[in-house]
Amino acid sequence: MALNPTDLYDVRSLLSEEERAVQDTVARFTDERVLPIIGDCFDQGRFPKELIPEIASLGLLGSSLPEEYGCAGLNAVSYGLICQELERGDSGIRSFVSVQSSLCMYPIYAYGTEEQKRQWLPRMAAGEVIGCFGLTEPHGGSDPANMKTHARKDGGDWVINGAKMWITNGNLAQIAIVWAQTEDGIQGFIVPTDAPGFSAQEIHRKMSLRASVTSALFLDNVRVPEANRLPNVKGLKGPLGCLTQARYGITWGPIGAAIACFTEARDYAMERVLFDRPIAATQAVQLKLADMARRITLAQLLSLQLGRLKDAGTMQPTQVSLAKWNNVRMALDIAREARDILGGAGITTEHSPIRHALNLESVITYEGTETVHQLVVGREVTGINAF
Ligand code: TGC
Ligand code: FAD
């Protein structure tokens with residue numbers, strides 16, 4: 001029996017019925033709603049906001065959080081499959097869902113009060129309130145401990161000053177989760193984006209993640225009440241804990257991008273006839289396609305086991321680093337290789353590989369650069385901190 005070229009180890013047979021149903025639903029959404037428009041969105045530098053209500057109604061926002069807050073209560077593997085199918089469409093769509101779910105709803109759920117959860121999570125799950133996550137600052141994102149943004153207590157309020165850079169959803173968001181230095185260490189605040197002194201400036205001229213909103217945030221004496229502080233965490237482990245959630249999803253997303261590129265390159269190679277035979281009949285192209293299939297298979301197994309560890313409650317941040325490093329690198333290399341197989345046709349957004357390759361240049365940088373994740377794994381295996 002012929003194997004499925006995009007699932008050579010039948011990883012799908014390891015999924016539960018519910019996980020398969022989630023994957024099929026999101027795959028249909030990507031095929032019917034994302035793929036027909038995404039090339040144009042990328043060309044125009046436009047995030048397709050019109051998809052937000054449907055993304056919300058499918059339960060994709062905060063999908064792992066409990067139903068009592070209006071969320072779908074799915075397991076970690078299902079969240080991974082959501083990321084994979086969305087990023088088969090475009091990294092920008094997956095980014096939107098990652099930021100809303102893992103970087104904005106998760107900290108409210110994990111570090112917020114019951115009132116904060118009830119106030120924000122149901123509306124965020126419904127897509128009525130969009131969030132952004134402000135950790136990175138202009139002077140360097142890899143070392144967030146060196147944070148300049150600060151919050152000072154003033155009576156019953158906090159006054160926040162500083163700037164954040166490269167913030168996904170910045171100009172779309174109604175609230176920002178802002179991380180700031182305080183006398184008591186780094187703390188998180190829910191900042192309404194219409195608060196006096198808050199401004200967001202969209203970053204243009206991007207060659208990557210063009211179907212996603214990226215912004216700089218400025219906080220000039222922004223005043224929020226004590227009720228907007230996330231009280232249940234202090235220190236860098238607050239934002240890093242959110243990153244672990246988002247990075248987990250990002251290990252799955254690029255598998256989708258890689259599958260899209262591999263499929264397009266393979267189909268093209270079967271039809272492109274040069275020197276009297278399809279280029280797929282040449283050893284050089286088969287080597288490339290076989291290597292793509294090998295690397296996709298390894299990434300699928302890595303993320304699935306990571307998801308099973310997460311669902312069992314034993315996943316460690318170092319394991320997430322290894323998979324983020326491996327799977328994003330795998331997808332970026334495949335996207336570039338697929339672009340090459342398409343020849344000249346590969347340089348336009350008529351075909352997806354160049355769009356995925358350009359997007360993955362961001363994915364390999366955000367949520368911890370490739371080097372940062374290599375150094376995390378290096379620290380684990382040597383016991384020596386090289387940062
Ligand atoms: P260290 O000072 O040793 O640790 C501080 C505390 O944090 C704990 N911790 C973690 N907790 C949860 N998850 C993790 N991954 C954690 N890593 C560390 C740690 O146990 C400690 O806790 P405690 O209780 O002892 O205080 O920090 P470190 O040396 O581990 O960190 C260094 C380094 C370089 C790894 C870290 O600073 C880092 O990850 N830098 C990269 C920053 C980054 O990834 N920024 C991403 C910004 S958000 C973004 O890019 C969104 S893109 C979204 C999209 O569009 O999809
Ligand atoms: P730097 O930290 O200045 O790194 C520059 C180079 O130095 C990199 O190659 C890095 O690997 C290398 N380097 C760093 N440390 C070491 C070391 N110890 N040894 C060797 N090399 C090292 N941030 C948010 O907070 N929220 C968001 O929503 C968000 N969205 C983003 C969306 C996009 C499209 C992009 C591109 C970024 C986004 N980011 C966001 C920011 C992202 O997390 C940072 O870009 C990333 O953490 C790297 O920070 P930096 O760009 O300042 O690079």
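**Exercises: how helix 8 meets its neighbours**

The axes of helix 8 and helix 10 (residues 370-382) cross at roughly 140° and come within 9 Å. Axes here are lines fitted to C-alpha atoms, for helices over the stretch in contact, with angles from 0 to 180 degrees between N-to-C directions; helices are DSSP runs (H or I, at least four residues) numbered from the N terminus. This is a predicted model, in which local features need pLDDT of at least 70, side-chain atom pairs count only at pLDDT 80 or more, and totals for chains, interfaces and linings use all residues. Residues are numbered from 1 along each chain as its sequence is written, and side-chain values use heavy atoms, without hydrogens and water.

**Exercise 1.** Work out how helix 8 is oriented relative to helix 10, and which residues make the contact.

*Solution.*
- Step 1: Angles under 35 degrees count as roughly parallel, over 145 as roughly antiparallel, 65 to 115 as roughly perpendicular and the rest as oblique. The angle therefore makes helix 8 oblique to helix 10.
- Step 2: Look for heavy atoms within 4.5 Å, the cut-off for contact. Helix 8 brings Thr318, Ser321, Leu322, Lys324, Trp325 and Arg329, while helix 10 brings Glu370, His373, Gln374, Val376, Val377 and Glu380.

**Exercise 2.** Now find the orientation of helix 8 relative to helix 9.

*Solution.*
- Step 1: Helix 8 (residues 317-341) and helix 9 (residues 353-363) have axes 8 Å apart and pack at about 150°.
- Step 2: That angle makes helix 8 roughly antiparallel to helix 9.
- Step 3: For the contact, helix 8 supplies residues including Val328, Leu332 and Ala335, and helix 9 supplies residues including Ile354, Ala357 and Leu360.

Methods: Chains lettered and ligands numbered in written order. Helix = DSSP H or I, 4+ residues; strand = E, 2+ residues; numbered from the N terminus.
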